Amino acid sequence: MTAASSLRCRECQREYPLTATHVCEFCFGPVEVAYDYDKIRRNVTRASIQAGPASLWRYHDFLPVDRDAAIDIGAGFTPLIRAKNLGKALGLNNLYIKNDTVNPTWSFKDRVVAVASSRARELGFQKLACASTGNLANSVSAHAAAAGMEAVVFIPHDLEVGKVLGSSIYGPTLVKVQGNYDAVNRLCAELAGSYPWAFVNVNVRPYYSEGSKTLGFEVAEQLGWRAPDHCVVPIASGSLYVKIRKGLDELAKVGLIDEPKTRMSGAQATGCSPVALAWEEGSMNFRPQRPNTIAKSLAIGNPADGYYSLVQLKETNGACGNVSDDEIVAGMKLLAETEGIFGETAGGVTVASVKQLAERGHIHPDELTVAFITGAGFKTVEAVAPHLKPALEIDATIESFEAAYNAARPVEVAV
Amino acid sequence: MAVRRVRFTFPEDLIKEPVIYLLGKQFQVITNVRMADVDEHTGWVVLELEGDGTEIDKGIAWAQSRGVRVDPVTGDVVEG
């Protein structure tokens, strides 16, 4: 049995049963899952977690789903890598990369969708739905396929072929919506309110967002049961950023790690930076934006957890990177060239933000810092392709190869 | 009767204007404020609008024409 006990409003603290509800009926504040932590403490040890599967379900005691109901396509328990080369390039002596590009559909969305789809099935839903520009749609489609559920996925009409294919291979009903971003958003919000489907990030959002905690659990376990000193996390809706810290806090609450003193920093693209701008202005009120950035997976102009992100930035003495599209591309290349990890544009935002925050003194060189790379680069090749070195084109002769190779490589100076 | 839950975000030049009062007066829409945070520079109000669907749409279009940003109460639904 799960230790989840109720849904609780984050504003007025009213409690609700564990149904498909995402907004407090009284104040319209967001609700989140509350747990019986005494029960978790009684059930869980470090050893019991380590004996679990190599997926996020090793932490099922902390999730709002019964273990037997889990839809497990292998999401989570991704590598934590000591990034010595990238650290050296950025002047950081203790930098780690949490590589979430290697999830089943190549992004961290598999974590949230694993939990949302499992809970949706438990609640009796037969259809999973979402509105997405890429990663979320891929993951919903895959989880629905594995669970034998129907998926209905709404996408903007002008999405790139690769992103459409990354969903359609799993056989969902794909709906291309005409209109600009605001129109698509408005339509999907209304659809979510009128169809009896599990819209993973709307009516089952309280369960969905719990999946992000598992990144915090994993990082602590992989560091030998300790919290990092500093995390740098990309901010879209803000849910991931807030929930990673919740994961660390929960481990401490049940006695598996010491009380975390982790500083939580964010990363946003300048073309969609409502949280970064509010943080720079010292305001707790963000102004919604119309996104215009190559980091489309972070393009949420009106982030649901924007306010809570600002609270966390303040409470943990974090900072928020705010980086241009050029810096994002440079960040993607730097990560690939130093650590052999091809992250998507959101990963470029994170790496560029780590660089910016380190240069401005927000990250101390010796802090144990974890940068979260949340999606694979093959999802966003259009963003980086024009900036890469072209291949050498040769005839099938040694002479042709040597001429091209010698012309292309840097001149070696004899000393 | 339809019910719509929305978030109004006000730019600085509209802070002093009684937009929600006018919305209820000029359109057949009942406005019910649930949460708000307004200061001298910016502000947001989360409210429930109740009335005929077309009348709510007209009221929202009017508020937008005045410079109010209107979003679903859940924040953006389309994710990456």
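Biologist: What makes the four strands β8, β7, β6 and β9 of chain A a sheet, and is the pairing parallel or mixed?

Modeller: First, a caution: this is a predicted model. Strands count as paired if at least two bridges are found between them. The 4 strands line up as β8-β7-β6-β9 in chain A, and the pairing is parallel. Take β6(A), residues 127-131, and β9(A): they pair over 2 bridges. The cut-off is at least two, so this counts as a pair. In one bridge, Ala129(A) is the partner of Phe199(A) in β9(A).

Biologist: Which strands are called edge strands here, and why?

Modeller: They are β8 (173-177) and β9 (198-199) of chain A, and each pairs on one side only. Helix α5(A), residues 135-147, packs on this sheet. The helix touches β6 and β7 (150-156) of chain A, and its direction makes about 165 degrees with that of β7(A).

Biologist: What is the strand order in the open sheet of 6 strands, and what is its pairing called?

Modeller: The order is β4-β5-β13-β10-β11-β12 in chain A, and the pairing is called mixed. At the edges stand β4 (80-82) and β12 (320-323) of chain A. Each has a single partner strand, so one side of each is left without a neighbour in the sheet. From one strand to the next, the twist averages 25 degrees.

Biologist: How do you know that β10 and β13 of chain A pair?

Modeller: Count the bridges. Strand β10(A), residues 230-234, and β13(A), residues 369-373, share 3 in the parallel sense. Pairing needs at least two, so they pair. His230(A) stands opposite Thr369(A) in β13(A). Helix α10(A), residues 239-253, packs on the sheet and touches β10 and β11 (263-269) of chain A.

Biologist: How many residues of chain A are in contact with chain B?

Modeller: 35 residues of chain A are in contact with 19 residues of chain B. The largest share of chain A's side, 7 residues, comes from α7(A). That side divides into 18 nonpolar, 13 polar and 4 charged residues.

Methods:
Residues are numbered from 1 along each chain as its sequence is written. Chains are lettered from A and ligands numbered from 1 in the order in which they are written. This is a predicted model: local features need pLDDT of at least 70, side-chain atom pairs count only at pLDDT 80 or more; totals for chains, interfaces and linings use all residues. Two residues are in contact if their C-beta atoms, placed from the backbone, lie within 7 Å. Axes are lines fitted to C-alpha atoms, for helices over the stretch in contact, and angles run from 0 to 180 degrees between N-to-C directions. Ala, Val, Leu, Ile, Met, Phe, Trp, Tyr, Cys and Pro count as nonpolar, Asp, Glu, Lys and Arg as charged, and the others, Gly among them, as polar.
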